[in-house]
Amino acid sequence: MSRVYNFSAGPAVLPEEVLKEAAAEMLDYNGTGMSVMEMSHRSKAYQEIIDTAEADLRELMNIPDHYKVLFLQGGASQQFAMIPMNLMKHGEADYIVTGQWAKKAYQEAQKYGKANKIASSEDKTFSYIPDVSDLPISENADYVYICENNTIYGTKYKELPNTKGKLLVSDVSSCFLSEPVDVTRYGVIYGGVQKNIGPAGVVIVIIREDLITDDVLEGTPTMLKYKTHADAGSLYNTPPAYGIYICGKVFQWLKKQGGLAEMKKYNEKKAKILYDYLDESRLFKGTVEKKDRSLMNVPFVTGDKELDAKFVKESRAAGLENLKGHRTVGGMRASIYNAMPIKGVEALTAFMRKFEEENL
């Protein structure tokens with residue numbers, strides 16, 4: 001069977017070139033006579049893999065020396081607890097709730113201290129990003145938390161919040177490496193890799209060194225202290241070794257594409273094809289305020305649930321997979337991450353045009 005165009009929100013499409021390289025190295029990585037899957041994480045060969053991956057990520061994101069890069073497990077969801085456990089020094093933090101994942105992080109933080117919801121877009125099913133230029137930042141807040149790109153709802157912060165001098169913590173799971181970022185504007189920037197970087201099982205945390213201390217919430221497990229992992233170079237225990245290896249290959253692929261500035265241009269070009277069609281379509285419409293549209297996740301609906309279901313069924317038969325929207329929004333969602341080629345988006349819009357003609 002030939003490969004489909006996979007619009008899944010995560011685990012998601014990976015660059016074909018990376019998959020082919022990994023396949024070629026499956027039985028014998030670099031003359032070791034074994035797969036990376038079988039390799040000791042304490043071996044010289046593996047140390048080289050993780051060191052190279054970190055160096056390439058630092059280069060791609062221009063990460064300053066006073067930030068640590070950690071390759072961890074537990075997904076972004078485990079960070080919902082790890083962040084307050086490690087950073088709530090005064091027992092208080094501010095949260096901007098723009099989707100399900102920010103909401104879950106906010107709810108989790110309430111277990112560890114006072115979490116303040118200082119802005120939200122829940123009133124309109126998270127279809128926009130609230131004004132974050134002048135927020136009621138709490139005097140005692142240890143940090144301000146955002147989810148920068150909302151996978152389910154298809155919104156993206158175009159401007160970072162004015163935190164009035166407070167630390168910014170950002171979950172970038174679904175926009176990781178899709179465009180350049182200024183790492184110095186964040187205390188912590190993190191994301192699960194299964195959307196835009198690699199296979200499920202790895203979360204990358206980029207954290208300012210002065211935030212990594214033993215001064216954590218009482219009762220914090222050893223495995224949930226940033227210091228544990230920072231001191232051990234992400235090798236305190238067996239890491240998600242194979243997943244990190246694939247992430248490393250994706251970093252190299254991104255460098256070959258010209259880096260993050262080039263990826264942003266490519267992603268804008270891709271998203272424009274789909275959004276331009278949605279704006280002119282008589283059948284389909286986007287669900288997000290135009291100014292807040294994500295380049296990565298594009299939800300859309302027909303307004304008729306039966307027609308939506310028909311579209312999802314027929315699109316699958318046409319080799320366009322995983323277009324069903326999240327249950328909280330309904331309709332459809334196309335996730336068009338870095339590895340989705342323009343041809344995939346063109347195939348989708350061509351199919352949508354045909355479907356529109358046949359069903360209006």
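Leave out the residues up to four places away in sequence, and Ala 105 touches Phe 80, Tyr 95 and Tyr 145. That's a handy place to start in this predicted model. Ala 105 sits in helix α4, and with a relative accessible area of 0% it counts as buried. Cys 147 is 42 residues away along the chain, yet its C-alpha atom is 9.1 Å from that of Ala 105.

Now widen the view to the helix itself. Helix α4 covers residues 100-109, and its buried residues are Gln 100, Ala 102, Ala 105, Tyr 106 and Ala 109. In an α-helix there are 3.6 residues a turn, so residues three or four places apart point the same way. What do the buried residues of α4 pack against? Their partners are helix α3 (75-87) and the strands β3 (92-97), β4 (114-120) and β5 (143-147).

Step back further and take in the whole chain. There are nine helices and 14 strands to find your way around. Along the principal axes, the C-alpha atoms fill a box of roughly 65 × 60 × 30 Å. The radius of gyration is 21 Å, which agrees with the value near 21 Å that a compact globule of 360 residues would have. Buried residues make up 56% of the 360. Of the contacts with a separation of 6 or more, 69% are between residues 24 or more positions apart. As for charge, you get 45 positive and 48 negative side chains, and the centres of the two sets are 4 Å apart.

Next, the rings. The chain has 14 aromatic pairs. One of them joins Tyr 29 and Tyr 245: the ring centres are 5.7 Å apart and the planes meet at 85 degrees, so this pair is edge-to-face. Tyr 29 is in the loop between α1 (16-24) and α2 (44-61), while Tyr 245 belongs to helix α6 (residues 241-256), so the pair ties together parts that are 216 residues apart in sequence. Are these two tyrosines, Tyr 29 and Tyr 245, buried or exposed? Tyr 29 is buried, with a relative accessible area of 14%, and Tyr 245 is buried too, at 4%.

Another edge-to-face pair is made by Phe 284 and Phe 300, at 5.8 Å centre to centre with 80 degrees between the planes. Here Phe 284 comes from the loop between α7 (260-280) and β11 (285-286) and Phe 300 from strand β12 (residues 297-301), so the pair links parts 16 residues apart in sequence. Phe 284 and Phe 300 are both buried. They also belong to one aromatic cluster, along with Tyr 277, Phe 311, Phe 351 and Phe 355.

One last stop is Asn 338, in the loop between β14 (332-335) and α9 (342-359). Is Asn 338 buried or exposed? Its relative accessible area is 2%, so Asn 338 counts as buried. Setting aside neighbours within four places in sequence, you'll find Asn 338 in contact with a list of residues that includes Phe 176, Leu 177, Ser 178 and Asn 196. Also among the contacts of Asn 338 are Trp 253, Leu 254, Met 263, Tyr 266, Asn 267, Lys 270 and Met 296.

Conventions: Residues numbered from 1 in each chain as written. Predicted model: local features only at pLDDT ≥ 70, side-chain atom pairs only at ≥ 80, totals over all residues. Heavy atoms only, no water. Helix = DSSP H or I, 4+ residues; strand = E, 2+ residues; numbered from the N terminus. Rg over C-alpha atoms; globule rule 2.2 N^0.38 Å. Buried < 20%, exposed > 50% of the residue type's maximum accessible area, 1.4 Å probe, protein only. Contact = heavy atoms within 4.5 Å. Lys, Arg positive; Asp, Glu negative; His and termini not counted. Charge placed at Lys NZ, Arg CZ, Asp CG, Glu CD. Phe/Tyr/Trp six-rings, centres within 6.5 Å; stacked < 30°, edge-to-face > 60°.
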